[in-house]
Amino acid sequence: MIKAVFLDIDGTLVSFKTHKLPESTIWALDRLREKGIKVFIASGRQLQSINNVGTQKFDGYVTLNGGYCLSGTGDLVYKHRIPAEDIDALIRYQEQMEPFPCALVEEDGLYLNYKDESVDEVFRLLDFPCPPIRPLQGNGGKEVFQLIAFFTSGQEERIMSVLPHCEATRWNPLFADVIPSGSSKAVGIDKMIAYYGILLNETMAFGDGGNDISMLRHTGIGVAMGNADEEVKKAADYVTTSVDDDGILNALKHFNVL
């Protein structure tokens, strides 16, 4: 019996075409909660950056690809930061080797060192304002939980080699989410279900991007959206229709959750 559903946002809950939740998804989420099934966000976004789910209520938030997890009432469930030595190494690399646009995501905000066409394109895709611009040295030693790093797959190996305590996860060719090693949406889900007393085989997850693969493989039922990449579809137990074609509702009906 499914007791918890975990949902990615961009391309899963929210359409890239409309930047809104489809009406069928809103209806499905409301019915899940009426049945006593808990509904959770599982996103690369930080809580303050979730600006596209309307008034929908959630029972908890696995944010920053599992690195920062909160209950529905705002209680901190788990956090995992990038070590300070990796942030220092990133700053040295930017100064001495190969500058690239990079946003530092902190507990209560984010900022970007500079922007280019790739940055503008990604934030247009997300329908989200570009973060404030300031030098990377300016974070004052605050904890950093994720980097939004605008490097290509061809640059990835050499850049990540100077960040030994981090790993990159990617759902768009223009950038990667750089997270502390050992973080993932699957880890965040484990922390969340332990907090709520839910078993792993009682969970279901929906996603469409490369950063969703870990949770689709990990949860009781992993569902890839019809608009997902092939690698994501291969990791899932089931492939539903696209976000714009009632994908979430169709999968919930397929598995008799609704």
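Me: Helices (H or I, at least four residues) and strands (E, at least two) are DSSP runs, numbered from the N terminus. At about what angle to β6 does helix α2 run?

Reply: This is a predicted model, in which local features need pLDDT of at least 70 and side-chain atom pairs count only at pLDDT 80 or more, while totals for chains, interfaces and linings use all residues. Residues are numbered from 1 along each chain as its sequence is written, and side-chain values use heavy atoms, with hydrogens and water left out. Axes are lines fitted to C-alpha atoms, for helices over the stretch in contact (heavy atoms within 4.5 Å), and angles run from 0 to 180 degrees between N-to-C directions. Helix α2 (residues 84–96) lies across β6 (102–106), β8 (144–149) and β9, and its angle to β6 is about 160°.

Me: In the open sheet of five strands, which are the edge strands?

Reply: Two strands pair if DSSP finds at least two bridges between them. The pairing in this sheet is antiparallel, and the order is β7-β6-β8-β10-β9. An edge strand pairs on one side only, and the two edge strands are β7 (110–112) and β9 (166–172).

Me: Which residue in β10 is the bridge partner of Cys166?

Reply: Strands of a sheet pair through backbone hydrogen bonds, either parallel or antiparallel. Strands β9 and β10 (residues 175–180) run antiparallel and are joined by five bridges. In β10, Cys166 has as its bridge partner Pro180.

Me: How many residues apart are Asp108 and Lys142?

Reply: Their side chains form a salt bridge (a side-chain nitrogen of Lys or Arg within 4 Å of a carboxyl oxygen of Asp or Glu), with N to O at 3.1 Å. Asp108 sits in the loop between β6 and β7, and Lys142 in the loop between α3 (117–125) and β8, so that the pair links distant parts of the chain, and their separation is 34 residues.

Me: Is Asp108 buried or exposed?

Reply: Buried means under 20% relative accessible area, exposed over 50%, and partly exposed in between (1.4 Å probe, protein chains only). Lys142 has 40% and is therefore partly exposed. Asp108 has 51%, so Asp108 counts as exposed.

Me: In which helix lies Glu156, the residue that forms a salt bridge with Arg170?

Reply: The closest N and O atoms of Arg170 and Glu156 are 2.9 Å apart. Arg170 belongs to strand β9, so the pair ties together parts that are 14 residues apart in sequence, and the helix of Glu156 is α4 (residues 153–160).

Me: About how many helical turns separate Lys233 and Glu230?

Reply: The side chains of Lys233 and Glu230 meet in a salt bridge, 3.6 Å from N to O. Both lie in helix α7 (residues 230–235), three residues apart, so their separation is about one helical turn.

Me: What is the relative accessibility of Leu64?

Reply: Leu64 is not a glycine, yet has a positive phi of about 50°. Leu64 lies in the loop between β3 (60–63) and β4 (68–71). Leu64 counts as buried because its relative accessibility is 3%.
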